[in-house]
Amino acid sequence: MIFEGLAEKLQNTFAKLKGKGKLSEKDVKDAMREVKLALLEADVNFKVVKDFVNKVKERAVGQEVMESLTPGQHVIKIVNEELTDLMGSVQSKISFSSKPPTIIMLVGLQGAGKTTTGGKLGGLFKKQGKRPLLVACDVYRPAAIKQLQVVGEKLDIPVFSMGDKENPVNIAKAGISHAVKNNNDLVIIDTAGRLHIDEGLMDELKNIKSEVKPHEILLVVDSMTGQDAVNVAQSFNEALGIDGVVLTKLDGDTRGGAALSVRAVTNKPIKFIGMGEKLDDLEPFYPDRIASRILGMGDVLSLIEKAEQAIDIKKAKELEEKIKKQEFDFEDFLTQMEQIKKLGPLNKIIEMIPGISGAKELKNIDFDDKEIVRIQAIIQSMTKKERKDPSILNASRRRRIAKGSGTTVQEVNRLVKQFEQTRKMMKQFADLEKSMKKGGKFK
Ligand code: GDP
């Protein structure tokens with residue numbers, strides 16, 4: 001989980017503050033010392049930490065906080081605001097040119113995730129109605145062109161290449177002409193990386209920049225490299241000038257130091273984050289939402305957005321009606337499963353729920369998405385009649401279902417039991433709601 005250690009430490013520190021009716025200056029100082037250590041351990045740039053803690057301290061020992069009824073909460077609010085500010089305050093979008101095609105040039109070291117990100121960006125903007133073209137200018141890394149072509153094929157996005165013998169500047173220029181001719185309104189140029197920053201690389205990138213005049217130069221950096229990523233960003237910005245950063249592999253980064261330092265050190269915003277190897281694992285970067293996640297306040301907005309995209313409102317309403325009328329059956333259970341599956345891996349959803357990210361007992365549970373697939377298989381192996389009326393599920397029917405779904409009778413039994421418990425619980429909720437509506441109150 002991203003920011004795992006940091007989130008836990010900050011939340012522990014603030015839990016102590018929250019319990020206090022009044023805060024002394026010493027309380028704040030002690031808390032800030034803990035915050036400082038936690039940030040340093042998360043590999044945040046030293047100077048960034050110092051400035052951050054000073055700012056928070058200055059605001060937190062102010063009269064307004066000290067005299068407030070809930071000083072602990074007040075301090076958390078300040079930390080939340082300052083964390084958000086540290087990462088750039090607001091989401092930084094791609095600015096599309098009024099004269100298409102908009103040209104995005106991706107730069108970065110080898111292995112940072114440029115080629116993958118090129119595809120992900122193309123996919124993201126295609127969903128928003130753009131007609132992207134990917135241009136393969138990495139003529140040095142063996143198989144880079146092929147890799148881009150494979151990505152393009154998967155996403156059904158055209159890829160322009162001229163093999164690996166041509167000069168990258170010429171390829172980029174020809175790619176843009178190709179886009180103009182073919183009505184592509186977005187060109188994403190995948191450039192070559194190196195293992196380290198060197199002059200040859202920078203010269204080549206500068207040449208491409210001056211010849212094609214991209215609207216956006218996005219630097220792709222690997223967040224797992226921590227402060228190295230920040231140094232790389234600084235060097236690229238000084239030598240080439242960048243417009244923003246794509247931070248990849250945040251899914252594997254438990255510390256998060258780069259995410260918290262890049263903006264403060266380079267003054268360039270993080271625009272997107274890579275959250276996995278799959279081609280739809282790219283998200284816009286929202287400083288405020290990330291800050292809330294770190295502080296265990298959850299990321300309800302992202303969750304709602306995901307839900308809005310995935311959940312069919314009409315089906316959800318129908319389901320609600322059925323629950324009220326106590327007609328919820330295995331068919332509905334299956335529909336519900338399918339909707340949940342569309343939200344993405346359960347681990348990621350859990351992270352977004354306020355309060356939950358800090359709950360230790362939940363952290364150790366392995367939320368197994370394969371389990372959902374097995375449950376689906378079991379329900380799909382039932383006849384329509386069985387799904388409507390599980391009470392007819394005798395031993396021989398259960399054996400047949402287990403065989404049909406490639407599971408065991410025990411698993412089928414477990415699911416039927418779970419389903420009955422769920423249905424009972426839903427009935428209780430519905431009854432409770434009814435009695436409350438009648439004017440009954442909780443005793
Ligand atoms: P390039 O050399 O910069 O073009 O890097 P690639 O696009 O080939 O990526 C290098 C490796 O990082 C590949 O194995 C990618 O699948 C992987 N990768 C890229 N982005 C992410 C990400 O956000 N999360 C994870 N887990 N892996 C990523």
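Residues are numbered from 1 along each chain as its sequence is written. The model is predicted, so that local features need pLDDT of at least 70 and side-chain atom pairs count only at pLDDT 80 or more, while totals for chains, interfaces and linings use all residues.

**Exercise 1.** Work out which residues of helix α9 are buried and what lies against them.

Solution. Begin with the helix, where helices are DSSP runs of H or I with at least four residues, strands are runs of E with at least two, and both are numbered from the N terminus. Helix α9 covers residues 199–212. Next, take as buried a residue with 20 or more other C-beta atoms within 10 Å of its own, as exposed one with 12 or fewer, and as partly exposed one in between, with C-beta atoms placed from the backbone. On this basis Leu201, Glu204, Leu205 and Ile208 of α9 are buried. They lie on the same side of α9 because they cover an arc of only 95° around the axis, the arc being that of the directions from the helix axis to the C-beta atoms. The face turned away from this buried side carries the exposed residues Glu199, Asp203 and Ser210. Finally, the buried residues pack against β1 (102–107) and α8 (168–181), contact being C-beta atoms, placed from the backbone, within 7 Å.

**Exercise 2.** Find which residues come nearest to the ligand.

Solution. A residue counts as near if its C-beta atom, placed from the backbone, lies within 6 Å. Of the 18 residues around the ligand, Gly113, Lys114, Thr115, Thr116 and Gly274 come nearest. Helix α6 (residues 114–127) supplies the largest share of this shell, 3 residues.

Methods. Expected span 1.5 Å × (residues − 1). Contact = placed C-beta atoms within 7 Å.
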